[in-house]
Amino acid sequence: MATLPQRTWVEINTAHARHNLAQIRRAAGKRSIMAILKANAYGHGAVEMARVFSREGIDAFGVGDSGEALELREAGIEGPILIVGAVIEGEMPAVVERDIEVNLHTVEMAEALQKEAARQGKQVRVHLKIDTGMGRLGMQPFQAVPFLHRMHNLKNLELVGLCTHFSYPYEENPNFTLRQLERFNVAVDVARRLGFDNLTLHAASSLALFRRKESLFNMVRPGVALWGLLPGDEKGLAKKLKPVLAWKTRIVFLKDVPEGQPIGYNRTYYTPNPTRIATLPVGYNDGYRRALSNKSDVLINGKRCPVVGLVSMDYTTVDVSAVPNAKVGDVVTLIGKDGKQEIGAEDLAAQAGVSVYELLCGIGRRVVRVYC
Ligand SMILES: *Cc1c(COP(=O)(O)O)cnc(C)c1O
(Lines give C-alpha, C1' and ligand atoms only; values in the text may rest on other atoms or scores of the structure.)
Protein backbone atom coordinates (compact mmCIF):
# COMPACT_ATOMS: atom_id res chain seq x y z
CA MET A 1 0.00 0.00 0.00
CA ALA A 2 1.33 3.43 -0.85
CA THR A 3 2.14 5.54 2.19
CA LEU A 4 1.23 9.17 2.57
CA PRO A 5 3.89 11.86 2.58
CA GLN A 6 4.14 13.86 5.78
CA ARG A 7 2.01 16.98 6.09
CA THR A 8 2.70 17.87 9.71
CA TRP A 9 5.37 16.13 11.73
CA VAL A 10 7.84 16.48 14.56
CA GLU A 11 11.49 15.59 14.14
CA ILE A 12 13.04 14.05 17.22
CA ASN A 13 16.80 14.52 17.37
CA THR A 14 17.95 11.47 19.30
CA ALA A 15 21.59 12.68 19.32
CA HIS A 16 20.40 15.74 21.25
CA ALA A 17 18.50 13.52 23.67
CA ARG A 18 21.70 11.55 24.30
CA HIS A 19 23.61 14.80 24.77
CA ASN A 20 21.06 15.93 27.36
CA LEU A 21 21.31 12.62 29.16
CA ALA A 22 25.11 13.06 29.28
CA GLN A 23 24.63 16.55 30.82
CA ILE A 24 22.20 15.09 33.35
CA ARG A 25 24.71 12.38 34.20
CA ARG A 26 27.37 15.01 34.85
CA ALA A 27 25.06 16.85 37.24
CA ALA A 28 23.94 13.61 38.89
CA GLY A 29 27.43 12.26 39.51
CA LYS A 30 27.30 8.62 40.59
CA ARG A 31 23.58 8.65 41.31
CA SER A 32 21.24 6.59 39.21
CA ILE A 33 18.83 8.17 36.76
CA MET A 34 15.16 7.45 36.22
CA ALA A 35 14.06 8.95 32.89
CA ILE A 36 10.51 10.26 33.24
CA LEU A 37 8.56 9.26 30.11
CA LYS A 38 5.01 10.15 31.15
CA ALA A 39 2.64 11.77 28.66
CA ASN A 40 4.20 9.85 25.78
CA ALA A 41 7.61 11.23 26.80
CA TYR A 42 6.24 14.78 26.78
CA GLY A 43 5.08 14.23 23.21
CA HIS A 44 8.42 12.77 22.02
CA GLY A 45 7.20 9.14 21.85
CA ALA A 46 7.70 7.02 24.98
CA VAL A 47 8.60 3.71 23.34
CA GLU A 48 11.16 5.16 20.94
CA MET A 49 12.75 7.33 23.64
CA ALA A 50 12.85 4.40 26.07
CA ARG A 51 14.80 2.45 23.43
CA VAL A 52 17.23 5.34 22.96
CA PHE A 53 17.86 5.67 26.70
CA SER A 54 18.02 1.89 27.23
CA ARG A 55 20.88 1.74 24.74
CA GLU A 56 22.59 4.46 26.82
CA GLY A 57 22.32 2.27 29.91
CA ILE A 58 19.65 4.26 31.78
CA ASP A 59 18.85 2.85 35.23
CA ALA A 60 15.05 3.10 35.26
CA PHE A 61 11.98 4.63 33.67
CA GLY A 62 9.18 6.53 35.37
CA VAL A 63 5.69 6.80 33.89
CA GLY A 64 2.44 8.41 34.94
CA ASP A 65 0.03 5.50 34.94
CA SER A 66 -0.45 1.78 34.39
CA GLY A 67 -1.29 2.12 30.70
CA GLU A 68 1.97 3.91 30.02
CA ALA A 69 3.92 1.28 31.97
CA LEU A 70 2.34 -1.61 30.05
CA GLU A 71 2.93 0.15 26.74
CA LEU A 72 6.67 0.15 27.46
CA ARG A 73 6.71 -3.50 28.58
CA GLU A 74 4.69 -4.65 25.55
CA ALA A 75 7.25 -2.90 23.37
CA GLY A 76 9.96 -5.05 24.95
CA ILE A 77 11.46 -2.49 27.31
CA GLU A 78 13.14 -4.41 30.13
CA GLY A 79 14.42 -3.18 33.45
CA PRO A 80 12.69 -1.14 36.12
CA ILE A 81 9.58 0.83 35.17
CA LEU A 82 8.00 2.76 38.04
CA ILE A 83 4.47 4.14 37.96
CA VAL A 84 4.93 7.44 39.81
CA GLY A 85 1.18 8.12 39.75
CA ALA A 86 -1.75 6.33 41.36
CA VAL A 87 -2.58 2.71 40.53
CA ILE A 88 -6.18 1.66 41.08
CA GLU A 89 -7.27 -1.81 42.08
CA GLY A 90 -8.50 -3.01 38.68
CA GLU A 91 -5.10 -2.25 37.19
CA MET A 92 -3.15 -4.30 39.71
CA PRO A 93 -3.36 -7.78 38.06
CA ALA A 94 -1.66 -6.56 34.86
CA VAL A 95 0.83 -4.40 36.73
CA VAL A 96 1.92 -7.27 38.98
CA GLU A 97 2.06 -9.71 36.07
CA ARG A 98 4.42 -7.49 34.05
CA ASP A 99 6.78 -6.74 36.96
CA ILE A 100 6.05 -3.03 37.06
CA GLU A 101 7.23 -1.10 40.13
CA VAL A 102 4.60 0.85 42.02
CA ASN A 103 4.62 4.00 44.14
CA LEU A 104 2.51 3.41 47.25
CA HIS A 105 0.30 6.34 48.20
CA THR A 106 -2.14 4.86 50.72
CA VAL A 107 -2.36 1.97 53.15
CA GLU A 108 -5.44 0.66 51.30
CA MET A 109 -3.55 0.62 48.02
CA ALA A 110 -0.67 -1.26 49.66
CA GLU A 111 -3.07 -3.86 51.06
CA ALA A 112 -4.83 -4.38 47.73
CA LEU A 113 -1.50 -4.73 45.97
CA GLN A 114 -0.28 -7.21 48.60
CA LYS A 115 -3.40 -9.29 48.00
CA GLU A 116 -2.94 -9.37 44.24
CA ALA A 117 0.79 -10.14 44.52
CA ALA A 118 0.04 -13.03 46.90
CA ARG A 119 -2.63 -14.32 44.52
CA GLN A 120 -0.08 -14.41 41.68
CA GLY A 121 2.66 -15.69 43.98
CA LYS A 122 4.91 -12.77 43.09
CA GLN A 123 7.03 -10.14 44.79
CA VAL A 124 6.26 -6.55 43.78
CA ARG A 125 8.91 -3.86 44.09
CA VAL A 126 7.38 -0.80 45.69
CA HIS A 127 8.45 2.72 46.57
CA LEU A 128 6.78 4.65 49.35
CA LYS A 129 5.79 8.11 48.25
CA ILE A 130 5.88 10.69 51.02
CA ASP A 131 3.74 13.81 50.61
CA THR A 132 6.08 16.41 52.05
CA GLY A 133 4.14 19.42 50.74
CA MET A 134 3.12 18.83 47.15
CA GLY A 135 -0.33 17.82 48.36
CA ARG A 136 -1.16 15.64 45.38
CA LEU A 137 -0.24 12.01 46.04
CA GLY A 138 1.56 10.04 48.74
CA MET A 139 1.31 9.49 52.47
CA GLN A 140 1.74 12.31 54.91
CA PRO A 141 4.77 11.73 57.16
CA PHE A 142 2.50 10.97 60.14
CA GLN A 143 0.88 8.16 58.08
CA ALA A 144 4.13 6.93 56.58
CA VAL A 145 5.87 6.29 59.90
CA PRO A 146 3.31 3.80 61.29
CA PHE A 147 2.99 2.29 57.82
CA LEU A 148 6.75 1.61 57.69
CA HIS A 149 6.46 -0.16 61.03
CA ARG A 150 3.82 -2.47 59.52
CA MET A 151 5.52 -2.91 56.16
CA HIS A 152 7.00 -6.31 57.09
CA ASN A 153 3.44 -7.72 57.28
CA LEU A 154 3.08 -7.12 53.56
CA LYS A 155 5.12 -10.16 52.63
CA ASN A 156 4.77 -9.89 48.86
CA LEU A 157 5.78 -6.24 48.69
CA GLU A 158 9.47 -5.49 48.62
CA LEU A 159 10.16 -1.91 49.70
CA VAL A 160 12.94 -0.74 47.38
CA GLY A 161 12.57 3.03 47.50
CA LEU A 162 11.34 6.12 49.27
CA CYS A 163 10.45 9.22 47.33
CA THR A 164 8.84 12.63 47.37
CA HIS A 165 8.08 15.40 44.88
CA PHE A 166 8.74 19.13 45.23
CA SER A 167 6.01 21.64 44.56
CA TYR A 168 8.38 24.34 43.30
CA PRO A 169 12.10 23.59 43.60
CA TYR A 170 13.29 26.69 41.77
CA GLU A 171 11.79 29.63 43.58
CA GLU A 172 14.10 32.39 44.82
CA ASN A 173 13.29 31.62 48.43
CA PRO A 174 14.02 27.93 48.95
CA ASN A 175 12.51 27.71 52.44
CA PHE A 176 9.52 25.61 51.44
CA THR A 177 11.66 23.17 49.48
CA LEU A 178 14.01 22.87 52.45
CA ARG A 179 11.01 22.10 54.67
CA GLN A 180 9.96 19.40 52.22
CA LEU A 181 13.48 17.96 52.35
CA GLU A 182 13.45 17.97 56.15
CA ARG A 183 10.17 16.05 56.23
CA PHE A 184 11.49 13.57 53.72
CA ASN A 185 14.67 13.05 55.74
CA VAL A 186 12.59 12.26 58.82
CA ALA A 187 10.88 9.42 56.93
CA VAL A 188 14.23 8.24 55.57
CA ASP A 189 15.61 8.07 59.13
CA VAL A 190 12.62 6.07 60.34
CA ALA A 191 13.03 3.61 57.46
CA ARG A 192 16.74 3.22 58.21
CA ARG A 193 16.09 2.59 61.89
CA LEU A 194 13.62 -0.11 60.89
CA GLY A 195 16.33 -1.84 58.92
CA PHE A 196 15.42 -0.71 55.39
CA ASP A 197 18.91 0.35 54.46
CA ASN A 198 19.30 -0.41 50.77
CA LEU A 199 16.57 1.96 49.68
CA THR A 200 16.65 4.03 46.53
CA LEU A 201 15.87 7.57 47.69
CA HIS A 202 14.62 9.99 45.06
CA ALA A 203 13.14 13.46 45.01
CA ALA A 204 14.74 15.65 42.34
CA SER A 205 13.04 16.44 39.03
CA SER A 206 14.96 18.40 36.36
CA LEU A 207 15.31 21.74 38.09
CA ALA A 208 16.10 20.38 41.53
CA LEU A 209 18.76 18.25 39.86
CA PHE A 210 20.57 21.37 38.62
CA ARG A 211 19.60 23.68 41.44
CA ARG A 212 19.29 21.82 44.76
CA LYS A 213 22.26 19.53 45.19
CA GLU A 214 21.08 18.56 48.68
CA SER A 215 18.01 16.93 47.11
CA LEU A 216 19.75 14.40 44.85
CA PHE A 217 19.94 11.44 47.31
CA ASN A 218 20.83 8.33 45.29
CA MET A 219 18.52 8.66 42.28
CA VAL A 220 17.17 11.60 40.25
CA ARG A 221 14.01 11.80 38.13
CA PRO A 222 14.50 14.22 35.23
CA GLY A 223 11.77 14.72 32.64
CA VAL A 224 11.80 18.02 30.82
CA ALA A 225 15.63 18.35 30.86
CA LEU A 226 15.90 15.19 28.74
CA TRP A 227 14.10 17.14 26.03
CA GLY A 228 16.55 20.03 26.33
CA LEU A 229 14.26 22.38 28.18
CA LEU A 230 13.92 23.85 31.64
CA PRO A 231 10.99 25.94 32.83
CA GLY A 232 10.74 29.63 32.02
CA ASP A 233 13.28 31.54 34.04
CA GLU A 234 16.09 29.02 33.65
CA LYS A 235 17.44 29.90 30.20
CA GLY A 236 21.01 30.06 31.55
CA LEU A 237 20.92 26.48 32.79
CA ALA A 238 19.12 25.32 29.67
CA LYS A 239 22.04 26.52 27.51
CA LYS A 240 23.89 23.32 28.38
CA LEU A 241 21.02 21.34 26.90
CA LYS A 242 19.89 20.93 23.29
CA PRO A 243 16.25 20.97 22.19
CA VAL A 244 15.22 17.54 20.95
CA LEU A 245 12.00 18.37 19.14
CA ALA A 246 11.38 20.38 15.98
CA TRP A 247 7.84 20.79 14.63
CA LYS A 248 7.25 21.15 10.88
CA THR A 249 4.44 21.38 8.39
CA ARG A 250 4.01 22.29 4.71
CA ILE A 251 2.16 24.92 2.76
CA VAL A 252 -0.93 23.24 1.24
CA PHE A 253 -2.58 26.29 -0.30
CA LEU A 254 -1.46 29.76 -1.40
CA LYS A 255 -3.35 32.78 -2.57
CA ASP A 256 -2.95 36.50 -3.23
CA VAL A 257 -5.66 38.60 -1.68
CA PRO A 258 -6.40 42.31 -2.02
CA GLU A 259 -6.36 44.86 0.77
CA GLY A 260 -9.29 44.64 3.20
CA GLN A 261 -9.87 40.89 2.91
CA PRO A 262 -11.02 39.09 6.11
CA ILE A 263 -9.06 35.93 7.02
CA GLY A 264 -10.51 33.02 9.02
CA TYR A 265 -13.35 32.46 11.48
CA ASN A 266 -14.92 35.51 13.10
CA ARG A 267 -13.00 37.86 10.74
CA THR A 268 -10.43 38.76 13.42
CA TYR A 269 -7.94 39.86 10.75
CA TYR A 270 -8.31 42.07 7.67
CA THR A 271 -5.40 42.35 5.26
CA PRO A 272 -4.01 45.91 5.53
CA ASN A 273 -2.43 45.62 2.03
CA PRO A 274 -2.49 43.23 -0.87
CA THR A 275 -1.17 40.10 0.85
CA ARG A 276 -0.01 36.59 0.02
CA ILE A 277 -1.66 34.12 2.39
CA ALA A 278 -0.50 30.53 2.90
CA THR A 279 -2.71 27.89 4.51
CA LEU A 280 -0.96 25.31 6.72
CA PRO A 281 -2.44 21.89 7.62
CA VAL A 282 -2.00 22.30 11.36
CA GLY A 283 -4.52 23.50 13.91
CA TYR A 284 -5.54 23.21 17.51
CA ASN A 285 -6.37 19.53 16.99
CA ASP A 286 -2.63 19.09 16.46
CA GLY A 287 -1.80 21.17 19.52
CA TYR A 288 -1.12 24.41 17.64
CA ARG A 289 -3.12 26.40 20.11
CA ARG A 290 -5.87 28.81 19.29
CA ALA A 291 -4.25 31.31 21.66
CA LEU A 292 -1.50 31.68 19.03
CA SER A 293 -3.99 33.29 16.60
CA ASN A 294 -2.71 36.66 15.33
CA LYS A 295 0.28 36.27 17.65
CA SER A 296 2.93 33.71 16.72
CA ASP A 297 5.23 33.44 13.73
CA VAL A 298 6.31 30.50 11.61
CA LEU A 299 9.55 30.17 9.61
CA ILE A 300 9.56 29.68 5.84
CA ASN A 301 12.80 29.78 3.82
CA GLY A 302 14.57 31.36 6.79
CA LYS A 303 12.01 34.19 7.13
CA ARG A 304 9.49 34.91 9.88
CA CYS A 305 5.87 34.91 8.73
CA PRO A 306 3.08 35.94 11.10
CA VAL A 307 0.00 33.85 11.83
CA VAL A 308 -3.03 35.87 10.74
CA GLY A 309 -6.62 35.13 11.65
CA LEU A 310 -7.84 32.49 14.09
CA VAL A 311 -6.13 29.11 14.27
CA SER A 312 -8.86 26.59 13.45
CA MET A 313 -9.13 22.86 14.18
CA ASP A 314 -7.17 21.67 11.15
CA TYR A 315 -5.73 24.78 9.55
CA THR A 316 -3.71 27.91 10.25
CA THR A 317 -3.22 30.87 7.92
CA VAL A 318 -0.01 32.88 7.67
CA ASP A 319 1.05 36.03 5.84
CA VAL A 320 3.91 34.97 3.53
CA SER A 321 4.40 38.32 1.82
CA ALA A 322 8.02 38.25 3.13
CA VAL A 323 8.71 35.10 1.06
CA PRO A 324 7.77 35.95 -2.53
CA ASN A 325 9.05 32.61 -3.86
CA ALA A 326 7.01 30.51 -1.36
CA LYS A 327 5.16 27.66 -3.04
CA VAL A 328 2.78 24.86 -2.15
CA GLY A 329 4.75 22.01 -0.55
CA ASP A 330 7.38 24.26 1.07
CA VAL A 331 8.43 23.19 4.56
CA VAL A 332 7.27 25.45 7.38
CA THR A 333 8.91 25.43 10.83
CA LEU A 334 6.61 25.87 13.82
CA ILE A 335 9.27 24.99 16.44
CA GLY A 336 12.94 24.81 15.54
CA LYS A 337 15.55 26.45 13.34
CA ASP A 338 15.39 27.64 9.75
CA GLY A 339 18.51 29.48 8.57
CA LYS A 340 19.37 32.15 11.12
CA GLN A 341 15.91 32.17 12.65
CA GLU A 342 14.75 29.99 15.49
CA ILE A 343 11.49 29.47 17.37
CA GLY A 344 12.00 27.75 20.72
CA ALA A 345 9.32 25.58 22.30
CA GLU A 346 9.47 27.89 25.32
CA ASP A 347 8.90 30.97 23.09
CA LEU A 348 5.84 29.42 21.49
CA ALA A 349 4.56 28.27 24.90
CA ALA A 350 4.93 31.80 26.27
CA GLN A 351 3.00 33.22 23.30
CA ALA A 352 0.25 30.66 23.87
CA GLY A 353 0.19 31.50 27.58
CA VAL A 354 0.96 27.92 28.66
CA SER A 355 3.95 26.13 30.16
CA VAL A 356 6.38 24.43 27.84
CA TYR A 357 5.24 21.11 29.38
CA GLU A 358 1.65 21.78 28.34
CA LEU A 359 2.63 22.80 24.83
CA LEU A 360 4.74 19.66 24.21
CA CYS A 361 2.20 17.22 25.69
CA GLY A 362 -0.47 18.88 23.58
CA ILE A 363 1.13 18.04 20.23
CA GLY A 364 -1.54 15.82 18.77
CA ARG A 365 -1.56 12.13 18.00
CA ARG A 366 -1.90 12.55 14.25
CA VAL A 367 1.36 14.53 14.11
CA VAL A 368 3.85 11.97 12.84
CA ARG A 369 7.02 11.50 14.93
CA VAL A 370 10.14 11.16 12.81
CA TYR A 371 13.34 10.02 14.56
CA CYS A 372 16.68 11.23 13.29
C1 LIG B 1 6.83 14.81 35.95
C2 LIG B 1 7.56 14.31 37.10
C3 LIG B 1 8.96 14.40 37.19
C4 LIG B 1 9.80 15.10 36.13
O5 LIG B 1 9.64 16.50 36.21
P6 LIG B 1 10.44 17.48 35.25
O7 LIG B 1 10.16 18.84 35.79
O8 LIG B 1 9.87 17.29 33.88
O9 LIG B 1 11.88 17.10 35.31
C10 LIG B 1 9.58 13.81 38.28
N11 LIG B 1 8.86 13.21 39.23
C12 LIG B 1 7.51 13.12 39.20
C13 LIG B 1 6.79 12.45 40.31
C14 LIG B 1 6.82 13.68 38.15
O15 LIG B 1 5.49 13.60 38.12
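## Arg-267 in its loop

Arg-267 lies in the loop between strand 12 (262-263) and strand 13 (269-270); strands (E, at least two residues) are DSSP runs, numbered from the N terminus. Although Arg-267 is not a glycine, its phi is positive, at about 50°. With 53% relative accessibility, Arg-267 counts as exposed, a class that requires over 50% relative accessible area, whereas buried means under 20% and partly exposed covers the range in between (1.4 Å probe, protein chains only).

## Basis of the model

The model is predicted: local features need pLDDT of at least 70, side-chain atom pairs count only at pLDDT 80 or more, and totals for chains, interfaces and linings use all residues. Residues are numbered from 1 along each chain as its sequence is written, and side-chain values use heavy atoms, with hydrogens and water left out.

Strand 15 (residues 297-300) and strand 16 (residues 303-306) run antiparallel and are joined by 4 bridges; two strands pair if DSSP finds at least two bridges between them. Leu-299 has Arg-304 of strand 16 as its bridge partner.

The hairpin has 2 residues between the strands. Asn-301 is found in this loop between strand 15 and strand 16, and has a positive phi of about 50° although it is not a glycine. At 41% relative accessibility, Asn-301 counts as partly exposed.

## The sheet 11-14-17

An open sheet is formed by 3 strands in the order 11-14-17, with antiparallel pairing. Its edge strands are strand 11 (253-257) and strand 17 (316-319), each of which pairs on one side only. From one strand to the next, the twist averages 25°; axes are lines fitted to C-alpha atoms, and angles run from 0 to 180 degrees between N-to-C directions.

Strand 11 is joined by 5 bridges to strand 14 (residues 275-280), and the two run antiparallel. Within this pairing, the bridge partner of Lys-255 in strand 14 is Ile-277.

## A nonpolar surface patch

Val-252, Phe-253 and Tyr-315 make a nonpolar surface patch of about 260 Å². Patches are made of residues with over 30% relative accessible area and no salt bridge; like charges are joined within 9 Å, and nonpolar side chains (Val, Leu, Ile, Met, Phe, Trp, Tyr) within 5 Å. A salt bridge is a side-chain nitrogen of Lys or Arg within 4 Å of a carboxyl oxygen of Asp or Glu. Accessible areas come from the Shrake-Rupley method with a 1.4 Å probe; for residues, only the protein chains shown count as cover.

Val-252 is located in the loop between strand 10 (245-250) and strand 11. Its relative accessibility of 33% places Val-252 among the partly exposed residues.
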